[in-house]
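Thanks for coming, everyone. Please bring up the structure.

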Amino acid sequence: DGDGDGDDVGTPACRLGVRVARDDAEIECLGFEPGGVGCAMLSVYVGRRRSATYEFCTAPPLVERVEPARGDTDGAYALRVLGDDFGPAGTPAEVTIGGRPASACTVRSQTEVHYA
């Protein structure tokens, strides 16, 4: 790839490519989106050779607090949901309040979802 730090190879699971360290002892999957919470089997293919499979699991989002903690019944206010594992900024988020979906929720960072 010309940057001197390894070779980049595109794969469907790693949408931004795969970076292989110069010593061939490390592979980094760039832009991996697991597509949900749970576990999947991971394999590495090099040419026609395949590694043993490894179980890779993703964690569900963790909500630590909501700001404000209370609101008016008219619902005309913005909410911040703070926690971890929300994903990359700009990702649409699905938030329910009392079992009803909230609209226009967006991940602001790995630790914040905003609802306006």
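First, a term we need: a polar contact is a pair of N or O atoms within 3.5 Å. Within protein, one atom must be able to donate a hydrogen and the other to accept it. Keep in mind that this is a predicted model.

Now the sheet. It is open and has 4 strands, in the order β8-β9-β13-β12. The pairing is antiparallel. At the edges sit β8, residues 62-67, and β12, residues 105-109. Each of these pairs on one side only. On average, neighbouring strands of the sheet are turned by 25° against each other, direction ignored.

A quick reminder: strands of a sheet pair through backbone hydrogen bonds.

Let's walk across. β8 and β9 pair in the antiparallel sense over 5 bridges. Leu62 stands opposite Asp84 in β9. Next, β9, residues 79-84, pairs with β13, residues 112-115. That pairing is antiparallel too, over 4 bridges. Leu82 has Glu112 in β13 as its bridge partner.

Is His114 buried or exposed? His114 counts as buried because its relative accessibility is 18%, and the cut-off for buried is under 20%.

What does the side chain of His114 make a polar contact with? The side chain of Arg108, at 3.4 Å. Leaving aside residues up to four places away in sequence, His114 also touches Ala78, Leu79 and Arg80. Ala104, Cys105, Thr106 and Arg108 are on that contact list as well.

That's the tour. Questions, please.

Technical notes. Residues are numbered from 1 along each chain as its sequence is written. This is a predicted model: local features need pLDDT of at least 70, side-chain atom pairs count only at pLDDT 80 or more; totals for chains, interfaces and linings use all residues. Side-chain values use heavy atoms; hydrogens and water are left out. Two strands pair if DSSP finds at least two bridges between them. Helices (H or I, at least four residues) and strands (E, at least two) are DSSP runs, numbered from the N terminus. Axes are lines fitted to C-alpha atoms, for helices over the stretch in contact, and angles run from 0 to 180 degrees between N-to-C directions. Buried means under 20% relative accessible area, exposed over 50%, partly exposed in between (1.4 Å probe, protein chains only). Contact means heavy atoms within 4.5 Å.
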